[in-house]
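Reader: I'd like to learn how to read a two-chain model feature by feature. Could you walk me through one?

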Amino acid sequence: MADILQINKVSKNYSRYVALNDVSINVPEKSIFGLLGPNGAGKTSLIRIINQITGPDIGEVLYKGEKLGTKHIEQIGYLPEERGLYKKMSVVDQVLYLAQLKGLSKAEARKRMLYWFEKFEMQDWWKKKIEELSKGMQQKVQFIVTIIHNPELIILDEPFSGFDPINTQLIKDEILDLKKNGATVIFSTHNMGSVEELCDSIALINKSQKILDGTVKNIRNTFRSNTFKVSFKGSIIGFTNALWTGAEILIKQTEEDIHTLTIKLLNNYTSNQLLESVLSNHQIISLNEIIPSMNDIFILKVNQGNESKVLQNNETK
Amino acid sequence: MKKIRLIIGREIKSKLRNKTFLIMTVLAPLLITGFLAFIIQLSQSDNTNQLVMVIDDSKLFKDKLKGNDYISLSYSNLKLEDAVEQFTDKGYSCLLWISPNIIQGGAGATKLYFRKTPGFAFQTFIKDQMEKIIYENKLKSNNIDPNIISNSKQVVKLILEKVNDKGKPEEQSSFETFGFLTGALMFTFILMYGMMVFRSVMEEKTNRIVEVIISSVKPFQLMLGKILGVAILGLIQFVIMGIITFSLTTVLSTIFLKDISGQLKAFKQQQELVKLQGSNANFSQLEKFDDKLEVFELLEKINKINFFEVFICFILYFLGGYLFYSSIMAAIGSAVDSESDSQQFITPVTLPLMIGYLISMKTILDPDSSLVFWASVIPFTSPIVMMSRITNGVPLWELIFSLASLFASFFVTTWLAAKIYRTGILMYGKKTTWKEIAKWLFYK
């Protein structure tokens with residue numbers, strides 16, 4: 001699949017503070033891309049560069065192979081983390097104004113606005129001022145404003161904050177729909193559950209550097225550690241004896257007559273071999289491989305980064 | 001360009017919907033004309049009829065203290081105690097009692113009894129006459145003829161005549177008070193609309209809408225659109241206020257100043273006659289107008305003002321001064337997070353405006369000083385100071401020079417402001433300092 005966005009060796013400094021350091025990321029077209037990282041890692045700086053709010057000091061950004069420029073602004077929709085609308089302006093005026101700023105004609109903007117208002121069941125409150133709306137309603141307006149000009153690339157910074165579970169689901173469905181209709185979504189979040197649920201691929205940024213990227217599937221696979229969770233009935237001593245040197249037991253749990261072990265297989269010992277050796281004397285209830293969640297990977301990688309920094313610092317001392 | 005138009009449109013619309021803005025637009029001219037009318041009303045004589053009973057125990061004033069069209073006096077021989085009880089029943093509005101020893105002075109030598117408070121003009125009328133009578137009385141008792149005194153008095157009137165280098169008279173109206181007024185108006189308007197830009201920028205920043213907008217337009221476009229939007233709004237407001245003020249003052253002046261302009265006409269006719277007849281003329285006709293001379297002079301000055309020139313200059317200097325200051329205001333507005341932080345930045349910016357205002361006061365005293373000249377050319381103060389000079393007749397080259405430097409520096413301040421604005425609108429949470437703002441100028 002072609003890349004809609006290629007970020008090549010981008011660096012950005014604010015006086016002495018380094019926001020981005022030699023970051024290269026490719027965002028595949030028609031996918032949902034997660035831009036992850038702890039607070040202050042440089043995500044917002046990168047997003048602002050993609051939105052052309054600021055420019056990179058070094059490096060370049062290509063949009064469909066062309067250098068990113070003013071004409072691409074209308075192809076991009078942006079939902080900033082800090083939401084903001086004119087408090088004293090009515091919903092209708094607001095949506096029309098922002099849609100026209102993205103290049104839509106007034107008539108076209110009105111048509112699409114009606115479509116979205118109907119879809120989100122908002123017809124009753126369009127004459128209202130933003131300050132009269134609840135937070136969830138404001139978020140809906142903001143979401144519509146982001147996508148009303150049918151952008152090819154949609155950048156959502158923490159899209160679910162401020163939504164109740166029902167509206168979160170509504171927005172999730174909408175994001176999947178947008179993807180189905182050919183849009184690319186970059187989405188930056190701390191909610192790792194939604195990353196696993198929605199994202200095709202991700203990039204992880206920490207301390208202004210990219211430390212990990214790839215498809216969610218591949219990343220989770222590479223972080224597999226041959227760890228399994230097995231539940232069975234029968235003698236636990238017999239079970240451990242049967243494993244012999246093939247596995248290391250990490251956690252033991254017993255509930256009534258069911259034992260559950262978390263084990264790490266060693267020396268190319270496979271799960272099939274494990275089953276063969278214990279099947280005759282034990283009643284196996286379940287065997288599952290433990291695939292690390294994005295949450296685990298996030299914490300692992302970010303902590304590794306922090307430790308290596310500490311080490312480096314100690315060495316230089 | 002289309003996007004700047006959209007931004008301008010929104011800026012204007014959002015303010016036009018603001019009720020305080022609309023109320024101000026209508027109310028300000030009403031207040032101004034109302035104030036003028038009030039002042040005119042005050043200066044007009046009191047027209048309430050007064051019927052005054054006078055008990056003159058000093059016997060000095062009888063037949064000398066007289067009334068006028070509205071005030072009639074009647075002398076009575078009643079005792080004071082009885083008169084105080086009876087004067088209202090007899091149809092008098094006041095009772096004036098003069099003690100026998102008034103000539104020696106002292107408090108309580110005269111008393112005015114009343115039910116309804118008599119007007120100030122009435123009180124002055126009585127008091128002035130009595131003082132004059134006592135004065136003449138005292139002169140006489142010292143064997144001095146009052147006529148000698150009054151004939152020795154000579155009013156000196158300086159006639160100002162400006163001449164050019166060939167010694168030919170140059171037409172000029174010198175009406176410093178008016179110049180000061182236009183200067184003050186300029187100060188108010190630049191500050192008012194500058195603050196409007198400041199608030200609008202700060203509102204967008206604190207609302208956080210700004211990030212959405214600058215992902216669609218360049219920060220410079222947003223800033224420019226905002227500044228131009230408020231400028232257009234200001235001009236619209238000027239026109240509305242101007243029309244209301246003009247029509248109100250026209251109505252008011254036809255009502256209040258009718259007598260006066262008739263008198264001015266008569267005065268001028270007499271003046272012409274005197275000029276024609278030379279020393280044979282009958283000066284007494286002119287002397288009739290002596291107490292009106294100041295008002296005539298004022299009217300003459302107002303008539304001499306070239307309102308069209310003043311209006312054009314006002315618009316040009318307002319635009320220049322507003323654009324110059326509003327871009328600075330936009331830059332500061334982008335730098336602050338909250339209204340409470342803003343004061344420390346606004347004060348230094350308004351300081352030059354204040355100084356301009358102070359210098360425009362000096363224009364009244366010394367219109368041709370070099371301080372006034374330079375202040376009317378330097379863009380920080382030129383809109384205000386030049387407006388205060390304008391009625392003194394400013395050479396065209398000075399006007400062009402001053403306007404050119406004002407508009408040129410507008411481009412410089414806008415360019416610098418855009419650099420600050422671009423960074424400032426995205427800075428949150430940090431306490432901004434002047435040093436910080438200076439750094440933003442050099443960000444890429």
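**Reading the model, strand by strand and chain by chain**

Author: Let's begin with one pair of residues: Phe228(A) stands opposite Glu289(A) in strand S14 of chain A. Keep in mind that this is a predicted model.

Reader: Now a strand elsewhere in chain A. Why is strand S8 described as largely enclosed by the rest of the structure?

Author: Check burial residue by residue. In S8(A), residues 184–188, five of the five residues are buried, so the strand is largely enclosed by the rest of the structure. Then check which way the side chains go: Thr184(A), Ile186(A) and Ser188(A) point one way, Val185(A) and Phe187(A) the other, and all are buried.

Reader: Which strands are joined to S8(A) by bridges?

Author: Two to look at. Strand S3 of chain A (residues 32–36) is joined to S8(A) by four bridges and runs parallel to it, with Leu35(A) partnered by Ser188(A). Strand S7 of chain A (residues 153–157) has five bridges to S8(A), again running parallel, and there Ile155(A) has Ile186(A) as its bridge partner.

Reader: On to cores. Which residues touch the most other members of the largest nonpolar core?

Author: The general idea: in soluble globular proteins, nonpolar side chains tend to be buried together. In this model the largest nonpolar core has 129 residues, and those touching the most other members are Val95(A), Ile155(A), Val185(A), Ile190(B), Val197(B) and Ala330(B). Helix H12 of chain B (residues 307–335) contributes the most, with 14 residues. There's also a second, separate core of 16 residues, with Val54(B), Ile55(B), Leu96(B) and Ile126(B) among them.

Reader: What does Val95(A) touch, beyond four places in sequence?

Author: Setting those sequence neighbours aside, Val95(A) touches Met113(A), Val141(A), Ile144(A), Val145(A) and Ile148(A).

Reader: How many residues are in contact between chain A and chain B?

Author: Count each side separately: 21 residues of chain A are in contact with 16 of chain B. On the chain A side, helix H2 (residues 91–101) gives the most, with four residues. By class, that side has eleven nonpolar, four polar and six charged residues.

Reader: How are the two chains divided into domains?

Author: Read the bounds first, then the spacing. Chain A has domain 1 (3–221) and domain 2 (225–289), with C-alpha centres 46 Å apart. Chain B has domain 1 (2–39 + 176–440) and domain 2 (50–149), and there the C-alpha centres lie 52 Å apart.

Reader: What's the make-up of chain B in helices and strands?

Author: Chain B has 17 helices and four strands. Of its 444 residues, 27% are buried. One covered element is helix H15(B), residues 382–389, with eight of its eight residues buried.

Reader: And Ile144(B): buried or exposed?

Author: Ile144(B) has 12 others within 10 Å, so it is exposed. Ile144(B) sits in the loop between helix H4 (120–141) and helix H5 (146–152) of chain B. Leaving aside neighbours within four places in sequence, Ile144(B) is in contact with Leu139(B) and Ile149(B).

How values were computed. Residues are numbered from 1 along each chain as its sequence is written. Chains are lettered from A and ligands numbered from 1 in the order in which they are written. This is a predicted model: local features need pLDDT of at least 70, side-chain atom pairs count only at pLDDT 80 or more; totals for chains, interfaces and linings use all residues. A residue is buried if 20 or more other C-beta atoms lie within 10 Å of its own, exposed if 12 or fewer, and partly exposed in between; C-beta atoms are placed from the backbone. Helices (H or I, at least four residues) and strands (E, at least two) are DSSP runs, numbered from the N terminus. A nonpolar core is a set of buried Ala, Val, Leu, Ile, Met, Phe, Trp, Tyr and Cys residues joined through C-beta atoms within 7 Å. Two residues are in contact if their C-beta atoms, placed from the backbone, lie within 7 Å. Ala, Val, Leu, Ile, Met, Phe, Trp, Tyr, Cys and Pro count as nonpolar, Asp, Glu, Lys and Arg as charged, and the others, Gly among them, as polar. Domain bounds come from an automatic or database domain assignment. Two strands pair if DSSP finds at least two bridges between them.
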